[in-house]
Amino acid sequence: QLRLVESGGGSVQPGESLRLSCAASGDTSSSDCMGWFRQAPGKEREGVATTYLGGGSKRYADSVKGRFTISQDNEKKKVYLLMHNLKSEDTATYFCAAVPAPCSAATMIAGRYEHINWGQGTQVTVSS
């Protein structure tokens with residue numbers, strides 16, 4: 001069974017940066033595509049950034065393009081989300097997610113996979 005553990009959340013002021021980390025363990029063969037989703041209070045969970053670990057394909061939500069960057073360390077089986085110029089509307093619980101092949105970053109960020117492995121989430125609060 002695949003286990004995903006997020007870390008790096010916290011409280012920051014607008015304009016500041018944070019880096020989230022997600023460590024995969026267990027059956028990592030189920031993590032060919034990985035990414036980050038978020039859910040704010042009263043809102044649906046939305047895709048933020050996703051990547052195909054085989055290389056090349058990354059996708060971002062329009063609201064974070066140019067501010068967030070997803071990266072990976074395949075050897076350490078980790079995925080990162082570097083968030084710059086944070087805004088109050090970025091406040092949410094951020095979840096790491098993984099799906100097995102066949103997969104694509106585009107399909108994953110749209111939330112179109114029926115079976116997604118989720119981490120427990122990490123809170124990001126942006127407030128002055």
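User: Which residues does R38 touch, not counting residues up to four places away in sequence?

Analyst: This is a predicted model, in which local features need pLDDT of at least 70, side-chain atom pairs count only at pLDDT 80 or more, and totals for chains, interfaces and linings use all residues. Residues are numbered from 1 along each chain as its sequence is written, and side-chain values use heavy atoms, with hydrogens and water left out. Touching, or contact, means heavy atoms within 4.5 Å. With residues up to four places away in sequence left out, R38 touches E44, R45, E46, V48, S63, V64, F68, E89, D90, A92, T93 and Y94.

User: Is R38 buried or exposed?

Analyst: The residue sits in strand β4; helices (H or I, at least four residues) and strands (E, at least two) are DSSP runs, numbered from the N terminus. Buried means under 20% relative accessible area, exposed over 50%, and partly exposed in between (1.4 Å probe, protein chains only). The relative accessible area of R38 is 5%, so R38 is buried.

User: How many of the residues of β4 are buried?

Analyst: R38, in β4, has a relative accessible area of 5% and is buried. Strand β4 is mostly covered, and the number of its 7 residues that are buried is 6.

User: Which residue is the bridge partner of M34 in β9?

Analyst: Two strands pair if DSSP finds at least two bridges between them. Strand β4 is joined to β5 by 6 bridges in the antiparallel sense, and to β9 by 7 bridges, also antiparallel. For M34, the bridge partner in β5 is T51. In β9, the bridge partner of M34 is A98.

User: Which residue in the turn of the β4 and β5 hairpin has a positive phi?

Analyst: The two strands β4 and β5 run antiparallel. They form a hairpin with 6 residues between them, and the residue in the turn with a positive phi, about 80°, is G42.

User: How many disulfides does the structure hold, and what is the pairing of the bonded cysteines in sequence order?

Analyst: A disulfide is a pair of cysteine sulfur atoms within 2.5 Å. The structure holds 2 disulfides: C22 with C96, sulfur atoms 2.0 Å apart, and C33 with C103, S to S 2.2 Å. With the bonded cysteines of the protein chain numbered in sequence order, the pairing is 1-3, 2-4.

User: How many residues apart in sequence are the parts that C22 and C96 tie together?

Analyst: C22 and C96 form a disulfide, and both residues are buried. The torsion about their S-S bond is about -80°, so this disulfide is left-handed. Because C22 lies in strand β3 (residues 18-26) and C96 in strand β9 (residues 92-99), the distance along the sequence between the parts they tie together is 74 residues.

User: Why is the disulfide of C33 and C103 called right-handed, and what is the torsion?

Analyst: C33 is buried at a relative accessible area of 0%, and C103 is buried at 16%. The handedness follows from the torsion about the S-S bond of C33 and C103: the disulfide is right-handed because that torsion is about 95°.

User: Which residues is E6 in contact with, leaving aside its neighbours within four places in sequence?

Analyst: E6 lies in strand β1 (residues 2-7), and with a relative accessible area of 5% it is buried. Its C-alpha atom is separated by 22 Å from that of G42, 36 residues apart along the chain. Leaving aside neighbours within four places in sequence, the contacts of E6 are S21, C22, W36, Y94, F95, C96, G119, Q120, G121 and T122.

User: Which are the edge strands of the open sheet that contains β1?

Analyst: This open sheet of 4 strands has the order β1-β3-β8-β7, with antiparallel pairing. Strands β1 and β3 are joined by 6 bridges, and S7 has its bridge partner S21 in β3. Two strands pair on one side only, and these edge strands are β1 and β7.

User: Which residues of the largest nonpolar core touch the most other members?

Analyst: A nonpolar core is a set of buried Ala, Val, Leu, Ile, Met, Phe, Trp, Tyr and Cys residues joined through side-chain atoms within 4.5 Å. Of the 27 residues in the largest one, those touching the most other members are M34, W36, L81, M83 and Y94.
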